[in-house]
Amino acid sequence: MQAGGVRLAYRVWGEEASPAVVLLHGRAGSSGTWTRIAEELAAGHRVYAPDFRGHGLSDWPGRYSFEMFRDDLHAFLEARNLAGATVVGHSMGGVAAYLVAQREPGLIGRLVIEDAPPLLPLDPPRPRSVRPEGALDFDWPVVPDIDAQLNDPDPAVRERFPEITVPTLVIGGGPTSHIDQGQLARMAGAMADAELVTIDAGHLIHTDRPREFLAAIRAFGLA
């Protein structure tokens with residue numbers, strides 16, 4: 001599909017008439033990381049998993065920001081008539097999801113944020129990344145562009161967490177995750193209707209501990 005001049009690829013599972021769930025991958029990932037979770041959820045849901053720009057089979061325009069990924073998600077939800085869907089975002093995808101929830105409160109019905117950075121300045125700052133050799137299945141400029149935002153994020157984003165009013169589940173990866181779990185707890189506490197669950201899996205919760213991840217989101221309301 002076309003979204004704001006960018007071609008976005010996506011995968012879909014389940015019956016069209018079933019309640020919609022949208023799964024959002026993290027940086028350097030793709031919709032394919034959700035296959036196990038999507039196949040489980042498809043028994044009772046229509047499951048969508050887009051590739052953000054610069055990832056997978058979507059366009060690779062060469063410049064990136066959290067706001068661009070937010071706009072990808074916004075355009076995807078509107079183009080597919082998915083207002084009110086449950087949105088599940090991992091890491092970078094979680095940031096895109098909570099930015100949409102801040103900007104368009106009626107567009108997301110329920111929100112799951114999986115170990116996503118709360119956009120507080122990194123201390124120490126993330127050093128300059130070096131591109132690995134060989135072909136990549138994502139566009140390398142995603143890394144330095146997003147690292148720059150992680151080191152010096154817009155303070156307005158964290159100031160607007162209380163404006164997120166949709167029911168929200170924040171899932172942290174515990175002490176082995178590189179995401180500061182205390183900051184994650186404070187982000188959840190700042191939201192109007194959020195709960196925090198910890199699954200001691202590190203950052204890649206839905207891929208490394210899929211059973212526990214599915215149990216958590218089902219307890220939240222994805223029966």
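Colleague: Why are α2 and α3 called roughly perpendicular to each other?

Modeller: This is a predicted model. In it, the axes of α2 and α3 cross at roughly 70 degrees. Angles of 65 to 115 degrees count as roughly perpendicular. α2 and α3 are therefore roughly perpendicular to each other. Their axes come within 8 Å, and α2 passes α3 in a right-handed crossing.

Colleague: What makes the contact of α2 with α3?

Modeller: From α2 (residues 66–79), Phe66, Phe69, Arg70, Asp71, Leu73 and His74 take part. From α3 (residues 92–103), the partners are Met92, Val95, Ala96, Ala97, Leu99, Val100 and Arg103. By class, nine are nonpolar, one is polar and three are charged.

Colleague: How do you know how α2 is oriented to α4?

Modeller: The axes of α2 and α4 cross at roughly 110 degrees. The range for roughly perpendicular is 65 to 115, so α2 is roughly perpendicular to α4. Here the axes come within 10 Å. Phe66, Glu67 and Phe69 of α2 touch Val142, Ile146, Gln149 and Leu150 of α4. That contact has five nonpolar, one polar and one charged residues.

Colleague: What makes up the lining of the largest pocket?

Modeller: The largest pocket has a volume of about 520 Å³. Its lining has 27 residues, and Ser91, Pro117, His178, Ile179 and His203 are the closest to the centre. By class, the lining has 12 nonpolar, 11 polar and four charged residues.

Colleague: Which helices each supply at least two residues of that lining?

Modeller: α4 (142–151) and α7 (205–208) do.

Key. Residues numbered from 1 in each chain as written. Predicted model: local features only at pLDDT ≥ 70, side-chain atom pairs only at ≥ 80, totals over all residues. Heavy atoms only, no water. 1 Å grid on protein atoms, 1.4 Å probe; cavity = no way out; pocket = protein on both sides within 12 Å on 5 of 7 lines; lining within 4 Å. Points joined across faces, edges and corners; volume = space filled by probe spheres on them. Helix = DSSP H or I, 4+ residues; strand = E, 2+ residues; numbered from the N terminus. Nonpolar A, V, L, I, M, F, W, Y, C, P; charged D, E, K, R; others polar. Axes fitted to C-alpha atoms, helices over the stretch in contact; angles between N-to-C directions. Parallel < 35°, antiparallel > 145°, perpendicular 65-115°, else oblique. Contact = heavy atoms within 4.5 Å. Left-handed = near helix turned anticlockwise from the far one by under 90°.
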